[in-house]
Amino acid sequence: MSKSDIFGILQNDRRRYVLEILRSKGNQSVRSLSEEIARLESGEDDPKSTLRKSVYVSLLQTHIPKMESLGVINYNRENDFVELLPAASTFDIYMETVPKGDIPWCQFYVGLSTLAFVGSVSISADLFTWVSSKQWMLLTSSLFMVSSLAHMRHVRKL
């Protein structure tokens, strides 16, 4: 799939929501997709029926056909179910989002590496005598392990 096709899919909030919902909940009917998207868009547990209908119509007329034509999803009209196809895995790297107030994982790892380096140099230069080099190595290794596991869990949730 070309980058323009990928970004064409991802440029629309509703198409991104379809990918996220199908990835997290599995196959869905168009109605359940539209209800969930309406909840996400409105921020309400019970969005107005006009919004639900608007989302439903736009999914059927625009978003599902576009995603289906690119081989990202399959829409079974008889059973009214939408399912992700293997091509949807192409979007995984693009779907990792950084919530407002958070930092990207790459910046986190640069900061953690900087801390480990500065601490190691300081301990080697005997600026800190209350921490041995073995303790520092164990601490930094543990921090990287916990961070990596948290990052892996975060990516799997997406």
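## A buried arginine and its partner

At 15% relative accessibility, R14 counts as buried, because buried means under 20% relative accessible area. Keep in mind as you read that this is a predicted model.

Which residue pairs with R14? R14 forms a salt bridge with E41, and the closest N and O atoms of the two are 2.7 Å apart. The pair links distant parts of the chain, with R14 in helix 2 and E41 in helix 3, 27 residues apart. Helix 3 covers residues 30-42. E41 is partly exposed, with a relative accessible area of 32%, whereas R14 is buried.

Let us turn to another pair. The side chains of E36 and K25 also meet in a salt bridge, at 3.4 Å from N to O. E36 lies in helix 3 and K25 in helix 2, so this pair ties together parts that are 11 residues apart in sequence.

K25 counts as partly exposed, at 48% relative accessibility.

## A pair within helix 2

How far apart in helix 2 are D13 and R16? They are three residues apart, so about one helical turn separates them. Helix 2 itself covers residues 13-25. The side chains of D13 and R16 meet in a salt bridge, with 2.0 Å from N to O.

Both partners are partly exposed: D13 has a relative accessible area of 41%, and R16 has a relative accessibility of 25%.

## The salt bridges as a set

How many salt bridges does the structure hold? The count is six. Among them are the pairs R14 with E41, E36 with K25 and D13 with R16. As a general point, side chains of opposite charge can pair when their charged atoms come close.

Charged pairs are one part of the picture; here is a nonpolar part. L115, L139 and L143 make a nonpolar surface patch of about 240 Å².

Where does L115 lie? L115 is in helix 6, which covers residues 105-124. At 45% relative accessibility, L115 counts as partly exposed. Patches are made of residues with over 30% relative accessible area, and L115 has 45%.

Definitions and conventions. Residues are numbered from 1 along each chain as its sequence is written. This is a predicted model: local features need pLDDT of at least 70, side-chain atom pairs count only at pLDDT 80 or more; totals for chains, interfaces and linings use all residues. Side-chain values use heavy atoms; hydrogens and water are left out. Patches are made of residues with over 30% relative accessible area and no salt bridge: like charges are joined within 9 Å, nonpolar side chains (Val, Leu, Ile, Met, Phe, Trp, Tyr) within 5 Å. Accessible areas come from the Shrake-Rupley method with a 1.4 Å probe; for residues, only the protein chains shown count as cover. A salt bridge is a side-chain nitrogen of Lys or Arg within 4 Å of a carboxyl oxygen of Asp or Glu. Helices (H or I, at least four residues) and strands (E, at least two) are DSSP runs, numbered from the N terminus. Buried means under 20% relative accessible area, exposed over 50%, partly exposed in between (1.4 Å probe, protein chains only).
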